[in-house]
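Let's take a look at a protein together, starting with the whole fold and then zooming in on a few charged side chains.

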Amino acid sequence: MICIDGAAAEGVSAEVSRVHEDAIVLDTHLDTPANFRRPGWSIVDNHVHEGDLSQVDLPRMKAGGLDGGFWVIYTAQGARDEAGKRAARDHGLDRLVSIHEMLAANAGEMELALTADDAERIAKAGKRVSFISMENAAPLASDPSLLTAYHRLGLRMLGITHVRNNDFGDSSTDPAGAEWNGLSPAGKALVQEANRLGILLDASHASDAVFDQLLALSQTPIVLSHTSADALYDHPRNIDDGRLRQLAVKGGVIHVNAYGGYLIDIPKIPERETAMGALSEKYGPESELAVDRVPAYLAERRAIEAHYPARRATFDDYMAHVLHILKVAGVDHVGIGADWDGGGGVAGLEDVSALPKITEALLAAGYTEQDVRKIWSGNLLRVIREAQAIASSEG
């Protein structure tokens with residue numbers, strides 16, 4: 001829907017550019033709000049020089065024809081005592097505020113979307129579609145009724161867990177294993193409340209048991225906002241073909257992740273891990289790194305990477321997952337959620353300016369222009385409408 005700059009379509013044909021431009025291009029997992037509090041960082045600046053420290057900003061959204069997507073309220077899973085729950089609550093609210101502040105400061109370029117109709121209207125007007133999601137429900141642990149407040153302030157997708165178990169359910173990657181054997185009683189209640197409000201339920205990061213229970217309990221289709229295929233790389237974070245088919249039967253949508261560690265096997269190099277740990281201690285978290293300190297940090301990080309080279313996933317690896325999932329789940333049940341600014345991105349698909357390459361690869365694989373539109377947003381907007389229709393019918 002938004003015209004691609006000349007630089008954006010570099011390397012793709014005029015026909016690919018046209019198809020990409022005519023689609024509403026949405027990504028379901030933009031971790032970019034992690035950058036909103038970084039000193040000196042602004043979404044209106046082009047941060048291409050920061051590499052994978054920053055993969056989404058307004059210039060590169062325009063360059064790659066990215067009409068928008070879901071800005072993520074991500075909260076790392078901390079202690080689950082009362083103090084930890086309060087800290088998670090406060091962090092989630094602060095990140096929500098940071099998203100609203102960013103939108104208010106850029107009202108001419110972006111707009112909050114609450115419905116599928118909003119998304120189509122905003123994209124048609126040439127603005128960026130700005131949905132809001134939550135990754136890890138930990139901010140709700142101290143008071144699940146906060147979900148109503150989040151909904152009123154724009155939340156339209158809810159991910160149950162992250163890399164550890166929480167008060168609502170089991171993660172796919174907690175070293176301790178299952179705690180609840182799926183959803184906890186509080187998690188089951190949260191599913192009902194999300195259905196009542198019309199909030200999409202997201203099973204990415206959750207255990208297989210949580211996925212199964214979400215599929216069984218939710219009155220509306222569920223989504224996986226950023227997940228890849230277990231059949232291509234057997235990883236707990238990925239989903240198997242049987243569950244892909246079940247997701248499709250229930251009308252859900254999987255949005256394919258571009259996080260390299262979930263696409264291929266990347267053996268850890270202990271010396272590299274140690275050096276990276278020391279670098280992190282020296283500079284602090286990347287999400288808090290001031291823009292003026294980035295060049296020095298990147299120079300040291302790239303020296304470590306050169307000294308201890310690691311295997312890296314490629315664009316072909318990513319498209320292998322996309323095409324496999326399309327074959328198994330069907331074109332009506334697949335979208336894109338590349339995990340930008342959260343670890344996503346592969347060689348050949350470094351940031352959102354490269355998104356036309358996905359359209360090119362889909363067309364080359366035999367998918368039609370209509371198929372491409374479904375994958376980029378049509379399937380997502382359908383499940384948003386279905387979730388909100390159920391909520392409306394229940395009053």
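Of the contacts in the protein with a separation of 6 or more, what percentage comes from residues 24 or more positions apart? Residues with that spacing account for 71% of those contacts. Keep in mind that you're looking at a predicted model.

**The overall picture**

The protein has 14 helices and nine strands. Its radius of gyration is 20 Å, close to the 21 Å that the globule rule gives for 395 residues, so the protein is as compact as a globular protein of that length. If you follow the C-alpha trace along its principal axes, you get spans of about 50 × 50 × 45 Å.

**Charges and how they pair up**

Side chains of opposite charge can pair when their charged atoms come close. How many salt bridges does a search of the whole structure find? The count comes to 31.

Here are three of them, with the distance between N and O:

| Pair | N to O distance |
|---|---|
| Glu 369 and Arg 18 | 2.8 Å |
| Arg 373 and Glu 369 | 3.3 Å |
| Asp 208 and Arg 243 | 3.5 Å |

Let's begin with Glu 369 and Arg 18, which form a salt bridge. This pair links distant parts of the chain: Glu 369 is in helix H14 (residues 369-393) and Arg 18 is in helix H1 (residues 14-22), 351 residues apart. Glu 369 is partly exposed, at 24% relative accessibility, and Arg 18 is partly exposed too, at 31%.

Glu 369 also meets Arg 373 in a salt bridge. These two are four residues apart in helix H14, which means that about one helical turn separates them. Salt bridges that share partners join Glu 15, Arg 18, Asp 22, Glu 369 and Arg 373 into one network. As for Arg 373, its relative accessibility is 39%, so it counts as partly exposed.

Now for Asp 208 and Arg 243, another salt bridge. Here Asp 208 sits in helix H7 (residues 208-217) and Arg 243 in helix H8 (residues 241-249), with the two 35 residues apart. Is Arg 243 buried or exposed? At 18% relative accessibility, Arg 243 counts as buried, whereas Asp 208 is partly exposed, with a relative accessible area of 35%.

Note on methods. Residues numbered from 1 in each chain as written. Predicted model: local features only at pLDDT ≥ 70, side-chain atom pairs only at ≥ 80, totals over all residues. Heavy atoms only, no water. Salt bridge = Lys/Arg side-chain N within 4 Å of Asp/Glu carboxyl O. Buried < 20%, exposed > 50% of the residue type's maximum accessible area, 1.4 Å probe, protein only. Rg over C-alpha atoms; globule rule 2.2 N^0.38 Å. Contact = heavy atoms within 4.5 Å.
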